[in-house]
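Me: I would like to learn how to read the features of a model like this one, one at a time. Please give the general idea and then the case at hand.

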Amino acid sequence: KYAKVVNIPNSMTVLTDMLPVAVIMSERRLTGVYNYTNPGAISHNEILDLYKKYIDPDFWYENFTEEEQNKILKAQRSNNTLDTTKIVSALPDVAIPPIHESIIGVFERMRANLEAAGTYPPPPAKAART
């Protein structure tokens, strides 16, 4: 858990989308270097806002700058957006969902699992943050 996050977009891989892609690539004997990630980039804030929407409306986070983050870390973080043109072009008949669409699916599944386990909705926040 982090009290503060840096709002920087990054590429992201959702395994429920990409593991079937790996099987297809193996079956087709596709080799080489591929950026094995969902197309697009998503920011930390976008992910946390979706978490609030689907899982915990009382969740709270705060942003800080990359410079502020670097002061508290032993090593700087790497942020990147990878080009998925090669993997998408190699598999024109395979739908690889864009990361924004895929992350919504992740949170929908997470919420359904929490509901099935009887742990949704979450308990109310103990105290309001100021």
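Me: Is Phe107 buried or exposed?

Reply: This is a predicted model, and the values are computed from it. The cut-off for buried is under 20% relative accessible area. Phe107 has a relative accessible area of 6%, so Phe107 is buried.

Me: Which other residues of helix 5 are buried, and what covers them?

Reply: Besides Phe107, the buried residues in helix 5 are Ile99, Ser102, Ile103 and Gly105. Their cover includes helix 1 (15–27), strand 3 (42–43) and helix 2 (44–54).

Me: How does the span of helix 5 compare with the expected one?

Reply: Helix 5 runs over residues 99–117, which is 19 residues. From the first C-alpha to the last it reaches 27 Å, close to the 27 Å expected at 1.5 Å a residue. Just after the helix, Gly118 takes a positive phi of about 75°.

Me: Helix 2 was named as part of the cover. Which residues of helix 2 are buried?

Reply: They are Asn45, Leu48, Leu50 and Tyr54. The cover over these residues includes strand 1 (4–5), strand 3, strand 4 (62–63) and helix 5.

Me: How should I read a pair of aromatic rings?

Reply: A pair of aromatic rings is described by the distance of the centres and the angle of the planes. A search of the whole structure finds 3 such pairs. In one of them, Tyr51 and Phe59 have ring centres 5.1 Å apart and planes at 75°, so this pair is edge-to-face. Tyr51 is partly exposed at 23% relative accessibility, and Phe59 is partly exposed at 24%. Tyr51 also pairs with Phe107: the centres are 6.0 Å apart and the planes stand at 70°, so this pair too is edge-to-face.

Me: Which residues do the ring pairs link into a cluster?

Reply: The cluster consists of Tyr51, Phe59, Tyr61 and Phe107.

Me: What about charged side chains?

Reply: Side chains of opposite charge can pair when their charged atoms come close. The count here is 2 salt bridges. One of them joins Asp93 and Arg28, at 2.7 Å from N to O. That pair links distant parts of the chain: Asp93 is in the loop between helix 4 (85–90) and helix 5, Arg28 is in the loop between helix 1 and strand 3, and the two are 65 residues apart. Asp93 is exposed at 55% relative accessible area, whereas Arg28 is partly exposed at 39%.

Me: Which residues does Gln69 touch?

Reply: Gln69 lies in helix 3 (residues 66–72) and is buried, with a relative accessible area of 13%. Leaving out residues up to four places away in sequence, Gln69 touches Val6, Phe64 and Arg77.

Me: And with which residues is Ala90 in contact?

Reply: Ala90 is in helix 4 and counts as partly exposed at 28% relative accessibility. Beyond the neighbours within four places in sequence, Ala90 is in contact with Leu30 and Tyr34. The C-alpha atoms of Ala90 and Tyr34 are separated by 9.6 Å, although the residues are 56 apart along the chain.

Me: How many helices and strands does the protein have, and in what order do they run?

Reply: There are 5 helices and 4 strands. From the N terminus on, the order is β-β-α-β-α-β-α-α-α. The radius of gyration is 18 Å, well over the 14 Å that the globule rule gives for 130 residues, so the protein is more spread out than a compact globule. The C-alpha trace spans about 55 × 40 × 20 Å along its principal axes. Buried residues make up 29% of the 130 residues.

Note on methods:
Residues are numbered from 1 along each chain as its sequence is written. This is a predicted model: local features need pLDDT of at least 70, side-chain atom pairs count only at pLDDT 80 or more; totals for chains, interfaces and linings use all residues. Side-chain values use heavy atoms; hydrogens and water are left out. The expected span of a helix is 1.5 Å times one less than its number of residues. Buried means under 20% relative accessible area, exposed over 50%, partly exposed in between (1.4 Å probe, protein chains only). Contact means heavy atoms within 4.5 Å. A salt bridge is a side-chain nitrogen of Lys or Arg within 4 Å of a carboxyl oxygen of Asp or Glu. The radius of gyration is taken over C-alpha atoms; the globule rule is 2.2 Å times the number of residues to the power 0.38. Rings of Phe, Tyr and Trp (its six-membered ring) pair if their centres lie within 6.5 Å; planes under 30 degrees apart count as stacked, over 60 as edge-to-face and the rest as tilted.
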